[in-house]
Amino acid sequence: MRTMKAVRIHGYGNREVLSYEDTLRPEVGADEVLVRVAGTSVNPFDWAARNGYVTAYYQYTFPHILGLDVSGRVEAVGPEVKGFSIGDEVYGRAHPTRNGAYAEYISIPAAQVAHKPRSLDLMQAAAVPHVAITAWRAMIDTAAVAAGQTVLIHGAAGGVGSAAVQLAKWRGAQVIGTGSAYNLDFMRSIGADEVIDYNSTRFEQVVRDVDVVLDLVGDMGDNTLQRSWQVIKPGGMLASLVQFPSPEDAAAHGVQGSFVSSDVCDTQTLTEIGELIDRGQLRSIVSTVLPLAKVHQAHEQSENRHVRGKIVLQVNGH
Ligand SMILES: NC(=O)c1ccc[n+]([C@@H]2O[C@H](COP(=O)([O-])OP(=O)(O)OC[C@H]3O[C@@H](n4cnc5c(N)ncnc54)[C@H](OP(=O)(O)O)[C@@H]3O)[C@@H](O)[C@H]2O)c1
């Protein structure tokens, strides 16, 4: 049996439970591709899962390999798989309940990967899938953002936020982004028309009549969701990725409230995202690249909640 390095957890807990260790390489399933991982990236989901915060939705059998995002090269192809060959460079997102990509190899359903965008290297590609799929579910599938609309994005400098700003601009919307002073120029550089420093300005004092609010912060961050209702025009939408908007509050303000789930990742959406990237309409934002063995440091940075774009974990010496 061949072994590989992986970051596994043997139970829920703080960063101490992250263990960089040897384990067996996965076998490829009939509908799967075995990928030699080049990069993965850190999403807040990873440390939420590690802490045991998501057990109401996902149960793990231990030991469990974390990591949703993957980029790498196809090493083996299951007998039922069409459209992928050994040697193809792919990117994709593992389902949260499966063993993930903090590892030298992952076996993943072919339906959850696509060919990597040609214009990205494998590190840049590792930063894309989860945040771009999530932003797509929010901006395109849920809010159906259209030309002429105005969208307010809370947390616009983070992983999902930076993808959402760019998708909303691609759809022709006016975009207002919130972030700290450190990120104001960055948010403008990815397309935000207006930017608000949440430490110095109450957004509800300067924003009104937006069509859509995308909430990536929630009420844990200074009541951001609750304060958002008043800035939405009647018939507009509040889409949150972090908590369920109250139906009573939505009705009282004459707007729609939606919780957005990013559970479904599919080849078709990843391919469309890749085409946008190759046409220069969506950028991969990587702020830091660390080797997989430095996963403790990567989680610490992400848990501080001020990452710009993404932290990528480099695997297999790529
Ligand atoms: N429902 C789902 O399926 C789903 C999917 C993906 C993500 N999520 C959730 O969505 C949230 C965002 O995810 P992410 O990957 O984008 O996280 P992230 O990359 O860690 O977001 C970090 C960003 O948040 C900004 N931020 C922190 N506090 C803020 C505040 N009070 N107002 C505005 N911006 C603030 C920071 O900007 P500054 O440094 O400038 O403060 C930083 O750039 C997370 O809670 C995640 O768990 C949910």
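**Around T178**

Guide: Contact means heavy atoms within 4.5 Å. Not counting residues up to four places away in sequence, T178 touches L152, I153, H154, G155, A156, A157, M187 and I196. This is a predicted model, in which local features need pLDDT of at least 70, side-chain atom pairs count only at pLDDT 80 or more, and totals for chains, interfaces and linings use all residues. Residues are numbered from 1 along each chain as its sequence is written, and side-chain values use heavy atoms, with hydrogens and water left out.

Visitor: In which strand is the place of T178?

Guide: Helices (H or I, at least four residues) and strands (E, at least two) are DSSP runs, numbered from the N terminus. T178 belongs to strand β10, residues 174–179. In the whole protein chain there are nine helices and 16 strands.

Visitor: Is T178 buried or exposed?

Guide: Buried means under 20% relative accessible area, exposed over 50%, and partly exposed in between, with a 1.4 Å probe and protein chains only. T178 has a relative accessible area of 6%, so it is buried. Of the 318 residues of the protein chain, 55% count as buried.

Visitor: What is M187 in contact with, leaving aside its neighbours within four places in sequence?

Guide: M187 is in contact with A156, A157, G177, T178, G179, A192, V195 and I196.

Visitor: Which residues touch the most other members of the largest nonpolar core?

Guide: A nonpolar core is a set of buried Ala, Val, Leu, Ile, Met, Phe, Trp, Tyr and Cys residues joined through side-chain atoms within 4.5 Å. The largest one has 47 residues, and M139, V145, I153, M187, L214 and I273 touch the most other members. At least two residues of this core come from each of several elements, including α3 (129–142), β9 (150–154) and α8 (267–278). Helix α3 gives the largest share, eight residues. Another core, of 41 residues, lies apart from it and has V33, L34, A94 and Y105 among them.
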